[in-house]
Amino acid sequence: MPSAVLTFFVFFHGFFIILCDGQSISVANNIYDSLPKLGCNQFLALINKAQLSSRFQYAQENYWTVIVWNDTAFENLPPARKSEMLSMTTAQNEAYITAFTLTRVLETTTFSEQRPEMSRSAYQTKVFFNIRSRREGDVASGTAGPTEYYANGALILRPNIPAGRSMIHVVDRVLELPSKYGVKGFISLPGQPDTAFYDNVVTFLPAEYWNDVVEPLNNNQRVTVFIPTKEAIDRIPTDKLQQLRGSSQLLRDVIKRHIIADQIMYTSFVYHNEGVNTLYGQLIYRISSERETVFVSGGAVTAQVVQGNITAMNGVVHFIDTLLGYVYNTALDEIRLTSFATTFENVLIKSRNDLQNAIVLPNGITVFVPINQAFSNLPTMYNFRTNQSLINMVMELCMLQQGMEFQLTSVNGDYEARRTLLSRYFNRPVNVYSQGNETWVESGYVKAKVVRPDIGVTNGFIHFIDAVPGLPSKSIPDTIFCEDWLIKSHMELQITGLDVYLSDPLAKAVVPCASSTGVNKYPASSQQQAASAPPSCGTIGERCSFTVFIPNGTAIDFFENQTYGKQIPTDGSGQIIYIDQTALTQEREYTADNGDVVRYKRSTDRLQQSPISQPSWWEWVPDSIEGSGRCIFVLQRKASTNFAL
């Protein structure tokens, strides 16, 4: 049978664009007239300023491919960058336009992965095309999805638009002008943005290693390099830098960790936890949810990409804030030198002597260090800075047992890839797992996002986190809201007014969410929407304590018509249940606020629970997340009417 041809008609800016089998049909017979119809007026303005309008108007003479960006991409530029582009001279505009005008017609079906294509620029700069299968969840372990095409790291939103004899591809961002130099020239020649790594590290490499390490930067047609900035080099103590220069093999290996040969890797399309081989060892990409932050980990060091995706003649350059593969600070030195860890250092000084001594042991140290903002978010009720027992508890929860050196890059995959470790606080568990594009740590019933992982130190590893283990900073409603997968649960709390009933008068009103998608912002209370909202529980002088069993979104979907959830009431002193401290197989009971007696028991890592009057066991998803003075457990399915949310 002949294959079917699927055709779509799209009305756009007064013209019909016909999409046949995913291919776009011309909107005009030349590049110049096509651009306004494609919403690319700012790019057209650059053509006019470059005095190139006539060249783009005659379709019969042009066999070009043009990579253009639309007006939305231009408007999303930072003001300084936008102003810079608007103030370019005629010559600069010409250099820019011709850098993204290729010398032959290319459709996406003819793209060659990572092959450099020559531009019409006077310097014959290159455009690199990448073909990627987008993976579910934007993580390396996700299921392969649709194929995407990239030009110099920019996603091609609208491919294959014929314009006479030429071809247009519209990308999702304003491209940066490629360098007229190869990678080696870009990082070494006078007048280039930052040559500190080359001048202070690479040039000290003995000649015997030069061909093996440096020449690939010149000779390879495809190479990706990570270049520590001048600030990164300046942070290395002089004696440590001298030691590196004096150890030729170590110096060789350190430099090789910064070079990926035969691959073009832009940060715009790499996956979270994606690994790639450098000239020496593997490098792991760690991408935040909104791709606003990119880290690379290699040689027990994690560095942040501070300026990335700079296209050179034979590859791409990323500037990073730390030298990879060279560990020279102790854990204590690293904490003291980190500006956003000063509060932790002050707390450490106040802790027990054995805890202060533990952090300077010669090896086997892993410390989860809360950043300054994490301590600032704590409610004043803890009196943390003057409470010696709390200080010691927090320090013990932040440290793993002696001998446990743990890298978070070993936790790849989704929620099921979690690892359970042991803290110094009575061997209480520390759970580490990936969720979305973030890595999370649960210690002392507090969930914290890892904001900077795998800081290698001479005696172990440091991981910076955004919450203080053992000291919840959010109330129960806030904690539930900040879990993306419990948004529906929070909505029902608001509908019933339980968000007010469960609120903590001593907790700070709003603590920002560390959401795995970056979209949650705490809403105003909607108690007024509840039909018969319960009153607030507790006052500043007398707080209520709860344990809440909260159904997740799936459970709520099964019982959408239910109205009220039930929570363990206070009996004057409060009742908080920690499931992981409940003996295995032992049945226990509590009384819900409607008078029902509820029995629960723990079987391995699952909790089963049922109202005695209406037996219907339901299971607990193994997460214990504590709100300020309260504990939350998430259930996989709802119980019967009158009992569960």
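Let's start with helix α11, residues 238–246, and helix α12, residues 248–256. This is a predicted model, so keep that in mind throughout. Two packed helices are described by the angle between their axes and the distance between the axes. Here the angle is about 100°, and the axes sit 5 Å apart. What does that angle make them? Angles of 65 to 115 degrees count as roughly perpendicular. So α11 and α12 are roughly perpendicular to each other.

Which residues make the contact? From α11, we have Leu-244, Arg-245 and Gly-246. From α12, we have Ser-248, Leu-250, Leu-251 and Val-254. By type, the contact residues split into 4 nonpolar, 2 polar and 1 charged.

Stay with α12 for a moment. Which of its residues are buried? Leu-251, Arg-252, Asp-253, Val-254, Ile-255 and Lys-256 are. And what covers them? The cover includes α11, and also α7 (196–200), α8 (210–213) and β12 (259–261).

Next topic: salt bridges. Side chains of opposite charge can pair when their charged atoms come close. How many salt bridges does a search of the whole structure find? It finds 15. I'll take you through some of them.

Take Lys-82 and Glu-75. Their closest N and O atoms are 3.2 Å apart. Is Lys-82 buried or exposed? The cut-off for buried is under 20% relative accessible area. Lys-82 has 19% relative accessibility, so it counts as buried. Glu-75 has 47%, so it counts as partly exposed.

Now Arg-352 and Glu-396. Their side chains meet in a salt bridge at 2.7 Å, N to O. Where do they sit? Arg-352 is in the loop between α14 (342–350) and α15 (353–358). Glu-396 is in helix α17, residues 388–398. That is 44 residues apart, so this pair links distant parts of the chain. Arg-352 is partly exposed, at 29% relative accessibility. Glu-396 is buried, with a relative accessible area of 12%.

One more pair: Lys-447 and Glu-483. Their side chains form a salt bridge at 2.9 Å, N to O. Lys-447 lies in strand β22, residues 446–457. Glu-483 lies in the loop between α18 (476–481) and α19 (487–496). So the pair ties together parts that are 36 residues apart in sequence. Buried or exposed? Both Lys-447 and Glu-483 are buried.

Last point. Salt bridges can also share partners, and here they join Arg-81, Glu-84 and Glu-176 into one network.

How values were computed:
Residues are numbered from 1 along each chain as its sequence is written. This is a predicted model: local features need pLDDT of at least 70, side-chain atom pairs count only at pLDDT 80 or more; totals for chains, interfaces and linings use all residues. Side-chain values use heavy atoms; hydrogens and water are left out. Axes are lines fitted to C-alpha atoms, for helices over the stretch in contact, and angles run from 0 to 180 degrees between N-to-C directions. Helices (H or I, at least four residues) and strands (E, at least two) are DSSP runs, numbered from the N terminus. Angles under 35 degrees count as roughly parallel, over 145 as roughly antiparallel, 65 to 115 as roughly perpendicular and the rest as oblique. Contact means heavy atoms within 4.5 Å. Ala, Val, Leu, Ile, Met, Phe, Trp, Tyr, Cys and Pro count as nonpolar, Asp, Glu, Lys and Arg as charged, and the others, Gly among them, as polar. Buried means under 20% relative accessible area, exposed over 50%, partly exposed in between (1.4 Å probe, protein chains only). A salt bridge is a side-chain nitrogen of Lys or Arg within 4 Å of a carboxyl oxygen of Asp or Glu.
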